[in-house]
Amino acid sequence: MMFGNINSSGAVIDELETGSVSDILLPNQTGRVQKVAVDIGGSLAKVVYFSTTEAGGRLHFQAFETDNVEKCIAFIKTLLGSREDGDELPVIMATGGGAHRFGDLLRAQLEAEIRVEDEMQSLTTGLSFLIREVTDEVFTYAQDKPMQFVNTGSEDPFPYMLVNIGSGVSILKVTGEGQYERISGTSLGGGTLWGLLHLLTGVQSFDDMLEMTKTGDNTRVDMMVGDIYGTNYDKIGLKATNIAATMAGVYRKSLGKQYNEADIARSLLYMVSNNIGQIAYLNAQLHGIRRIYFGGYFIRGHPLTMNTLSYAIDFWSKGQMRALFLRHEGFLGATGAFFNDDARTDDNTQRSRRRRHPRTRTYSFTENFSVAQSIAGAESVGALGSLDRQPAALEALPQLVDSQKHAYEPDTVDLASDVDQQTYWIQAMERNTRGLMQMAADGTLPYEGGLQRMQAFGKLYLRHLRRLREQPLAYGPMSVRALLGLREQCLHEVGLHDIFAEVKRRETDAALRQLPQALAAADTLNDSNGLRLLLQNVLAGNMFDWGASELRGEIADGELDFASARDRITWQPRFDNSAEFVARALDRPYTRAVVFVDNSGADVCLGVLPLARFLATRGTTVVLAANTRPALNDVTEPELTDIVRRVSSADASVRQAVEQGRLVVCGTGSSGPCLDMRMLDERLVGQCADVDLVVIVGMGRAIHSNYRARFTCDSLKLAVFKNQMAADAAGARIYDALCLFEHGIPDQPGQPQT
């Protein structure tokens with residue numbers, strides 16, 4: 001059902017930083033609002049709605065205080081738009097106590113059918129959706145280890161316990177899809193803290209109350225173990241700094257404690273959080289559950305709240321359990337209400353896919369941070385992006401190893417934990433962005449979209465980089481892959497979908513004119529020398545990368561030719577065991593190979609295609625996997641399909657391979673320069689069922705990501721270290737070749753590492 005239009009022409013990016021960013025305008029991004037869900041709790045009302053986009057659709061999140069429910073209703077009314085005679089009545093999925101309390105008001109104001117969804121069902125559906133669909137959704141938090149993201153990998157997410165902290169607290173045990181029971185709860189929740197602080201301090205806003213806790217010192221109010229014993233009570237494991245009795249220090253005149261409202265706020269926050277943590281642990285013990293998720297808008301990414309809950313779980317479990325948090329924790333109910341209909345009508349195909357792989361994404365959403373909002377003000381540890389629905393389901397490559405012994409981690413370097421790398425790459429992205437803007441301004445980069453959009457992109461992306469410099473984990477783990485992906489999201493958000501389209505076309509035409517000569521040169525050699533030359537050509541082609549700042553000037557000025565690119569590459573035994581691959585490939589042909597390609601032009605035409613042709617002529621079926629959507633000068637699936645068509649018309653070997661189905665082009669489902677092997681288009685995954693060779697080409701896909709990836713079949717990683725920092729991190733030199741051949745390893749069962 002569709003209703004209402006969104007037209008954010010001239011819209012601003014909300015809450016990108018603490019200050020206003022109203023000078024960043026987005027171009028005419030329009031969409032039909034298809035569906036709205038609202039979760040109205042005792043304190044807050046949360047809205048989730050879905051709008052259509054050119055690429056598919058987008059899930060949005062918004063929150064209001066329940067005391068201002070009229071603002072929430074007005075917002076939903078704006079989403080719905082006006083109805084004409086004959087239009088069917090829109091449906092609002094509603095959950096939470098307010099769905100009943102404000103039901104009549106919603107119907108009257110919105111002129112819509114209000115479909116009330118069970119609150120507990122909505123919470124569990126929402127949590128299960130977020131665990132499965134959103135990468136880096138789950139994290140742990142402690143004062144000394146803030147935001148450690150949990151890789152749930154391929155493990156079965158059930159059973160788990162959800163501690164939902166709203167005005168009160170409900171504790172649910174979830175054993176499967178739609179299988180849950182409320183096992184406990186407590187009336188001491190967010191409403192308790194809010195009410196007591198209002199009575200004691202007069203503060204009205206929940207955010208203001210959390211702000212107060214930052215400067216408070218609870219030891220001025222609470223009675224501590226040290227106040228009683230003068231030191232630790234080691235025999236029973238109590239430190240002097242442990243709280244013995246909340247607020248009990250204020251009446252002990254002998255202690256001489258002086259306190260203020262901020263001290264009271266911190267004391268009460270500890271009281272509520274500690275009690276919730278202990279009750280949660282006891283229930284987990286009683287029911288034999290080890291995974292405890294904390295949700296509800298009470299948390300709101302507030303560091304002190306999460307640290308207290310984490311400490312309580314760690315203390316009572318003696319370090320055997322951890323408190324798990326979610327970045328979208330405040331929207332569990334609204335998200336679940338949104339998807340409850342889909343969960344009830346879940347068809348056999350979806351169930352079958354889940355049985356095949358527990359982490360299969362039913363809907364396949366990816367998070368988009370181009371227009372991000374803080375969870376709750378500038379002090380929250382993270383931010384929320386919208387969720388973009390992909391046109392196809394995203395699944396893991398069948399040959400990917402992701403086990404306890406070999407946990408898959410797509411990123412090579414964790415920038416959040418390496419300050420030097422972090423500083424370098426943020427500055428590199430800033431230089432890269434200003435370089436693109438300059439190329440657009442002086443005409444070096446011909447593209448459709450206009451200079452104003454390029455300037456809008458620059459402002460948008462540079463603001464994100466400034467935020468990440470201050471909050472490295474705001475958008476999840478920081479990596480080169482994440483920074484490059486965010487850049488593409490910002491380009492697409494302002495309407496610049498393929499800024500290198502003309503460059504790619506021009507370079508591809510030039511490369512295809514050279515292809516017959518390159519093929520003839522390889523064909524004159526014997527198999528061994530010919531295959532070595534083809535590998536060298538793949539690496540030479542990979543030098544033509546507009547994303548490599550060290551080479552961009554030479555490429556733009558036409559100073560880099562194929563022969564000089566090949567001559568510049570250096571070889572070190574540490575990164576080159578190509579001889580082993582050549583021997584294996586010539587010993588017996590591979591049955592089926594998937595080749596993840598990189599750039600357009602010389603890279604794919606003079607490097608990858610000749611290698612694919614060599615394999616195909618020896619009986620190997622070759623699947624060429626290209627980006628589904630544009631990213632800088634990376635070749636896309638439609639472009640590669642056209643290139644293969646053009647080559648097949650001129651080369652008999654390629655034509656025969658295409659006609660016999662031994663040369664296939666498929667989209668990866670990706671739109672970035674790097675690659676997460678857990679999130680590939682299901683159609684590509686279907687093509688890869690019998691693959692016994694995985695080839696990964698390019699610095700983004702084989703160095704910045706997947707450098708340590710292992711597979712159950714043989715793999716070959718081909719790239720050039722075109723960046724000094726990336727080379728230094730690996731112990732390589734600039735322009736060293738990476739030609740890394742690895743035999744397959746068994747995928748040992750077991751839970752992935754976290």
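Predicted model: local features only at pLDDT ≥ 70, side-chain atom pairs only at ≥ 80, totals over all residues.

Me: Okay. How many helices and strands are in the chain?

Reply: Helices (H or I, at least four residues) and strands (E, at least two) are DSSP runs, numbered from the N terminus. Here the chain has 25 helices and 25 strands. Of its 754 residues, 58% count as buried.

Me: Back to Arg132. Which residue forms a salt bridge with Arg132?

Reply: The general idea is that side chains of opposite charge can pair when their charged atoms come close. A salt bridge is a side-chain nitrogen of Lys or Arg within 4 Å of a carboxyl oxygen of Asp or Glu. Arg132 has Glu177 as its partner, with the closest N and O atoms 1.9 Å apart. Glu177 sits in the loop between β10 and β11 and Arg132 in helix α4 (residues 119-133), so the pair ties together parts that are 45 residues apart in sequence. Glu177 is partly exposed, at 38% relative accessible area.

Me: How many salt bridges does the structure hold?

Reply: There are 33. One of them joins Glu742 and Lys717 (3.4 Å, N to O). This pair links distant parts of the chain, as Glu742 is in strand β25 (residues 737-742) and Lys717 in strand β24 (residues 714-720), 25 residues apart. Both Glu742 and Lys717 are buried. There's also a network of salt bridges linking Glu502, Arg505, Asp509 and Arg646.

Me: You mentioned β10 and β11. In what sense do they pair?

Reply: Two strands pair if DSSP finds at least two bridges between them. Strands β10 (residues 169-176) and β11 (residues 179-186) run antiparallel, with 7 bridges. Look for Ile171, which stands opposite Ser184 in β11. The hairpin has 2 residues between the strands, and Gly178 takes a positive phi near 70° there.

Me: What about the inside? Which residues have the most contacts in the largest nonpolar core?

Reply: A nonpolar core is a set of buried Ala, Val, Leu, Ile, Met, Phe, Trp, Tyr and Cys residues joined through side-chain atoms within 4.5 Å. The largest one has 134 residues, and those with the most contacts inside it are Trp425, Phe596, Leu624, Leu640 and Met677. Helix α20 (residues 602-617) gives the most to this core, 11 residues. A second, separate core of 42 residues includes Phe294 and Leu309.

Me: And what does Phe596 touch?

Reply: Contact means heavy atoms within 4.5 Å. Not counting residues up to four places away in sequence, Phe596 touches several residues, among them Leu397, Thr668, Met677 and Val697.

Me: Last one: is Leu200 buried, partly exposed or exposed?

Reply: Leu200 counts as partly exposed, because its relative accessibility is 44%. You'll find Leu200 in helix α5 (residues 190-201).

Notes: Residues numbered from 1 in each chain as written. Heavy atoms only, no water. Buried < 20%, exposed > 50% of the residue type's maximum accessible area, 1.4 Å probe, protein only.
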